Amino acid sequence: MSKSAFQELLANTRRLTVLTGAGVSAESGIPTFRGAGGLWRTYQATELSSPQTWNRDPGLLWEFYNYWRGSMRDKKPNPAHYALAEIEKRFRKDNRLFHLITQNIDDLHLEAGSQSVTRMHGSLWLLRCCQCSLVTKNQDIPITPAFEGSGSPDPKAKQSKFSKEDLPKCYCGGILRPHVVWFGESLALEDMEKSHEASRECDLFLVVGTSALVYPAAGLSTIAKRSGAKVVVVNLEPTATDEVSDFNFPGKAGEILPDLLMVN
Ligand code: OAD
């Protein structure tokens, strides 16, 4: 599909749904999960984010998240985030439907101004109490004074030991964990339902910067396709979504999207 054919399709779209992954934030300087920067010490970032690690060593998990939050603190949205926020604004103005589903936990879509957003995997800046389940916003770095200066990603870094007293606590006294969906955990039901609905009920499904390897997000393109939507992919590399996509725009999201969506 040529750019102009896509733009004609976009102009005739009543319901646009966008699915994003780590690639949309790559140009903000945030490493992707399966790219070269997805390691912390000797661990894959993905293997650390698990209930098993939490149950075995919550201090280690908090040390990693404390580092991760610190490295994200000064990251800013890039032109891809802003293009998606702008196209949403235009759709709203024309009474057309727009929804953004993101697997990213960096909140950069919100910072760029996107409003109709499902954060499938939670947020790095939300914490959840393991006792009362209260979810609160928290941007403290370090997460508690005990974590000051800890968390070096160097594989030779000495691993600190944290006790239960060092961990962040809720008002009720329970221990707080990142409000992030870890491997082996289920998505929140309302996020799951909203993502399915937005994928089922759209005319155009735009997939940006995801390897489409992690379910259930990876299955959304198929839902959209089976429901009659055109599926369009923007990615640096070929991905599993290509099997169902109608069109691909290879390249960097921050360079392609503003032009493709005509918001520059
Ligand atoms: P991945 O790291 O698996 O994939 C990133 C994708 O972005 C790859 O397909 C890259 O080719 C592409 N990419 C990189 N830079 C890009 C750029 N500038 N423009 C466009 N595309 C680019 O990340 P995700 O697919 O998001 O889950 O990973 C899905 C989930 O796996 C994450 O949400 C996380 C992880 O485990 C949880 O934390 C639960």
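Domain bounds, as used in these legends, come from an automatic or database domain assignment.

**Figure 1. Division of the predicted model into two domains.** The structure shown is a predicted model. Its protein chain is divided into domain 1, made up of residues 1–30 + 77–121 + 186–264, and domain 2, made up of residues 33–74 + 124–180. Between the C-alpha centres of domain 1 and domain 2 the distance is 29 Å. To the contact between them, domain 1 contributes 10 residues and domain 2 contributes 9 residues.

**Figure 2. Strand β1 and its two pairing partners.** With strand β4 (residues 97–102), β1 pairs in the parallel sense over 6 bridges. Strand β9 (residues 204–208) also runs parallel to β1, and 5 bridges join these two strands. T17 may be followed into both pairings: its bridge partner in β4 is H99, and its bridge partner in β9 is F205. In a regular strand, side chains alternate between the two faces of the sheet.

**Figure 3. The largest nonpolar core.** This core contains 28 residues, of which W62, F64, Y65, W68 and L124 touch the most other members. At least two residues each are supplied by α3 (45–48), α5 (58–72), β6 (122–129) and β8 (176–180). The greatest contribution is that of α5, with 7 residues. Both domains take part, since at least three residues of the core are drawn from domain 1 and at least three from domain 2. L124 has contacts with Y65, W68, R69, M72, I105 and V180, leaving aside residues up to four places away in sequence. Another core, of 24 residues, lies apart from the largest one and includes V18, F98, L206 and A253.

Figure 4. Around the ligand are 24 residues, and A22, R34, T210, S211 and N235 come nearest. An N or O atom in the side chain of S211 is 2.6 Å from an oxygen atom of the ligand. For the side chain of T210, the corresponding distance from an N or O atom to a ligand oxygen atom is 2.7 Å. The backbone is represented by G23, which has a polar backbone atom 3.5 Å from an oxygen atom of the ligand.

Figure 5. T239 belongs to the loop between β10 (230–235) and β11 (247–250). Is this residue, T239, buried or exposed? T239 has a relative accessible area of 14%, and it counts as buried because that term applies to values under 20%. Setting aside residues up to four places away in sequence, T239 touches T210 and S211. T239 and L213 are 26 residues apart in sequence, and their C-alpha atoms are 8.5 Å apart in space.

**Figure 6. Helix α10 and the elements that cover it.** Helix α10 comprises residues 253–260; 6 of its 8 residues are buried, so the helix is largely enclosed by the rest of the structure. The buried residues are A253, G254, I256, L257, P258 and L260. Their cover includes the helices α1 (3–11), α2 (23–26) and α6 (79–93), together with the strands β9, β10 and β11. After α10 comes M262, which has a positive phi, near 55 degrees.

**Figure 7. Two cis peptide bonds.** Most residues other than glycine have a negative phi, and most peptide bonds are trans. The bond from I141 to P142 is cis, with omega near 0 degrees. P142 is situated in the loop between β7 (135–137) and β8. A cis peptide bond also leads from Y215 to P216, with omega near 5 degrees. The loop that holds P216 lies between β9 and α9 (220–226).

Figure 8. D107, a residue other than glycine, has a positive phi near 65 degrees. D107 is located in the loop between β4 and α7 (108–112) and is buried, with a relative accessible area of 16%. S133 is likewise not a glycine, and its phi is positive, about 70 degrees. The loop between β6 and β7 contains S133. With a relative accessible area of 47%, S133 is partly exposed.

Terms used: Residues are numbered from 1 along each chain as its sequence is written. This is a predicted model: local features need pLDDT of at least 70, side-chain atom pairs count only at pLDDT 80 or more; totals for chains, interfaces and linings use all residues. Side-chain values use heavy atoms; hydrogens and water are left out. Two strands pair if DSSP finds at least two bridges between them. Helices (H or I, at least four residues) and strands (E, at least two) are DSSP runs, numbered from the N terminus. A nonpolar core is a set of buried Ala, Val, Leu, Ile, Met, Phe, Trp, Tyr and Cys residues joined through side-chain atoms within 4.5 Å. Buried means under 20% relative accessible area, exposed over 50%, partly exposed in between (1.4 Å probe, protein chains only). Contact means heavy atoms within 4.5 Å. A residue is near a molecule or strand if one of its heavy atoms lies within 4 Å of it. A polar contact is a pair of N or O atoms within 3.5 Å; within protein, one must be able to donate a hydrogen and the other to accept it, and residues adjacent in sequence count only if both atoms are side-chain atoms.
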